[in-house]
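Reader: I would like to learn how to read a structure like this, feature by feature. Could you take me through it?

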Number of protein chains: 2
Amino acid sequence: MSNQKRFNVAVVGATGAVGEQIIRLLAEREFPVNELKLLSSARSAGTKIQFKDREVTIEEATPESFKGIDIALFSAGGDVSRKLVPHAIEDGAVCIDNTSAFRMDPETPLVVPEVNIDKISEHKGVIANPNCSTIQMVAALKPLYDRYGISRIIVSTYQAVSGAGAKAIQEMLRQSKEVLDGRDASPDILPVSSLPVKHQIAFNAIPQIDKFTENGFTYEEMKMINETKKIMDDESLEVTATCVRIPVVYGHSESVYVELKQDFDLEEAKSLIAEAPGIELVDNPDEQQYPLATDATGKLETFVGRVRRDLSNPRALNMWIVSDNLLKGAAWNAVQIAEYIAIEQK
Amino acid sequence: MSNQKRFNVAVVGATGAVGEQIIRLLAEREFPVNELKLLSSARSAGTKIQFKDREVTIEEATPESFKGIDIALFSAGGDVSRKLVPHAIEDGAVCIDNTSAFRMDPETPLVVPEVNIDKISEHKGVIANPNCSTIQMVAALKPLYDRYGISRIIVSTYQAVSGAGAKAIQEMLRQSKEVLDGRDASPDILPVSSLPVKHQIAFNAIPQIDKFTENGFTYEEMKMINETKKIMDDESLEVTATCVRIPVVYGHSESVYVELKQDFDLEEAKSLIAEAPGIELVDNPDEQQYPLATDATGKLETFVGRVRRDLSNPRALNMWIVSDNLLKGAAWNAVQIAEYIAIEQK
């Protein structure tokens, strides 16, 4: 490692749920960090964070924060990215943006390394990290897409509250305690903190993640639909999504129906999934083994199980896909991209 | 009411989660009860239960329990039904069975009153109550089936722990407390009490309800598939189901994709749902209104929302269907059938 090129890295949104995981992964993965700049809103500036053997003081993120930075990882919300990414690019940084700000921009590669790492070479200063629920789905479906082609995906999600941030976790745990104590749950954050109506998440299932669009789908659902087409680079791909928040802390689960373009052998399909990079097949009904959110927590892989041929369409299969939404769904996918950039620039 | 014919009613499984609701509904709905016989296993016999102004002592259910009984409601498990229903029929009772024992028997009507109440006249002593997750789905889809025809249904469920009985509720609440207290959750009952492997349900999503069949689907999923075809009386109907247990106490939620046989007008489809018997449309995205398990708890209706045209198939729509699994999904559907029998025999 010592002869390796080392990078000046900035993490924007360093105190958020995803930012914390990015910092942890940079350390754990021994990313070749030279200078580490931790940036946040003015409110959190001054906080000290341990990174390996050094202590880093968090600074306020401003347009001037990116002088000398090689790689900037953004996860402080779309508005912050829209404002600061252009400055970081101007100062020569490659930005990896975990918000939705640039995802559908035709100039910006939208990258899941297991699916389309080749796209990073096309970047014009920013590479977008897809939405958490999209990442794990496309990673799991990629081997089937490559072998058989996919015509259609119908997905229903079971999404963890951590996807809505640390305050949503606190709210869910607080409400759970309230209900267990025989009190009414007091909703305050979910489903969407900026909208007026709040619903109880403890012991409930809320079929709304993000705001609604004109067509009756939510933005979260449209992200899954549009991002999947962009990442797979296939506008003909038909995708339907229903996104639901459930009382789970970490780990998004997905019930996915997939129509293939060819006949397939079920055992071959399972083998392809098992051998795909970043994917672990957990699929043994006889032993009651299938992916579970609690098992996926803290893991970098995407877990796939309940793989079975559809009974009415022999060219379709159903599966259950689970991954830690803060890791493969966010921080790990971003750090993975940073690792590829580091290898390219070595 | 006083001139009305009154019925000798037996409730088998009187101390179970569903049995309790049946007794409550018989009272609340002012069912014309003459004698009320409450039956259970030997273990619970002797317990006294208040029914309106009388106190009823629970007796052990035996083959001899049904002398003089007009209507017997069974919800004590498939084995009890298989053993005792024939005796009840022999003694002249009409049996309404809430277990899976007779559902797929070609001689036995499988009835959701909103869908196929006409079938009760064909009974040969027993009318089967469908599986909870099936009932709410077919009730909600019936108006669309009648108007447009349905070719295909793909459903993913979000099922409450009460569907697995009172012990599963206790387990989920206990585990929630364990996790909130920073301890490990101790799984004991779920996903299937009679199988060796147990999984944590608190803050998790378990993609297994009932045992697995040979084809990789669970029995719960096969129930949804087969019962839906039988109730709709349409073997050509294509149904795919993925059944998932989530940490909710009461109320099953379902994400349902439906392909219609004809073009449809979305507003007309919503109106048909809104006007259908037993269905309440809760569908106002602008006001963040959609069905929620917590709102459905204790209600007799099936709630439908998030109704939207599919983006890739203009003849398909997606929706979110919620109902109290112990009520419309079990006790209320059974008592509803009993009410129709009472009207017929009046």
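Author: We will go from the interface to the symmetry, then to the backbone and the annotated sites. Please keep in mind throughout that this is a predicted model.

Reader: Let me begin with the interface: how many residues of chain B are in contact with chain A?

Author: One begins by counting the residues on each side, and here 60 residues of chain B are in contact with 60 residues of chain A. The area buried between chain B and chain A is about 5000 Å², and carbon and sulfur atoms give 59% of it. Within the share that chain B buries against chain A, B:Phe203, B:Gln288 and B:Arg306 supply 14%, which is more than any other three residues.

Reader: How many salt bridges and how many residue pairs in polar contact does the rule find across the interface of chain B and chain A?

Author: For salt bridges, one looks for a side-chain nitrogen of Lys or Arg within 4 Å of a carboxyl oxygen of Asp or Glu. Across this interface the rule finds eight of them, and one example is the pair A:Glu259 and B:Arg152, whose closest N and O atoms are 3.2 Å apart. The rule also finds 40 residue pairs in polar contact between the two chains. Among the elements of chain B that give two or more residues to the side touching chain A are strand 9 (150–158), helix 5 (166–180), helix 6 (219–232) and strand 13 (302–309). Sorted by class, that side of chain B has 31 nonpolar, 19 polar and 10 charged residues.

Reader: Which rotation superposes chain B on chain A?

Author: A rotation of 180°, with 0.0 Å of shift along its axis, superposes chain B on chain A at an RMSD of 0.0 Å. The two copies are therefore related as by a two-fold rotation axis. Moreover, 100% of the interface residues of chain B are also interface residues in chain A, so the copies meet through the same surface.

Reader: Where do A:Glu30 and A:Lys52 lie, and why does their pair tie together parts apart in sequence?

Author: The structure holds 50 salt bridges over all chains, and in one of them A:Glu30 pairs with A:Lys52, with the closest N and O atoms 3.8 Å apart. A:Glu30 lies in the loop between helix 1 (17–28) and strand 2 (33–40) of chain A, while A:Lys52 lies in the loop between strand 3 (48–51) and strand 4 (54–57), so the pair ties together parts that are 22 residues apart in sequence.

Reader: What should I look for in the backbone?

Author: Most residues other than glycine have a negative phi, and most peptide bonds are trans. In chain B, however, B:Glu30 has a positive phi of about 55° although it is not a glycine, and B:Glu30 lies in the loop between helix 1 (17–28) and strand 2 (33–40) of that chain. A cis peptide bond joins A:Leu190 and A:Pro191, with omega about 10°, and another joins B:Leu190 and B:Pro191, with omega about 5°. A:Pro191 is placed in the loop between helix 5 (166–180) and helix 6 (219–232) of chain A, and B:Pro191 lies in the loop between helix 5 and helix 6 of chain B.

Reader: At which residues does UniProt place the feature "active site"?

Author: The unreviewed UniProt entry places this feature at A:Cys132 and A:His252. Although these are spread over 121 residues of sequence, they cluster in space, the largest C-alpha distance being 8.2 Å. A:Cys132 is found in helix 4 (residues 132–148) of chain A.

Conventions. Residues are numbered from 1 along each chain as its sequence is written. Chains are lettered from A and ligands numbered from 1 in the order in which they are written. This is a predicted model: local features need pLDDT of at least 70, side-chain atom pairs count only at pLDDT 80 or more; totals for chains, interfaces and linings use all residues. Side-chain values use heavy atoms; hydrogens and water are left out. Contact means heavy atoms within 4.5 Å. Buried area is the accessible area (1.4 Å probe) that two parts lose on being put together, summed over both. A polar contact is a pair of N or O atoms within 3.5 Å; within protein, one must be able to donate a hydrogen and the other to accept it, and residues adjacent in sequence count only if both atoms are side-chain atoms. Helices (H or I, at least four residues) and strands (E, at least two) are DSSP runs, numbered from the N terminus. Ala, Val, Leu, Ile, Met, Phe, Trp, Tyr, Cys and Pro count as nonpolar, Asp, Glu, Lys and Arg as charged, and the others, Gly among them, as polar. Copies are superposed by least squares on the C-alpha atoms of residues with pLDDT of at least 70 in both. UniProt positions are given in the numbering used here, feature names are shortened, and annotations may be inferred rather than shown by experiment.
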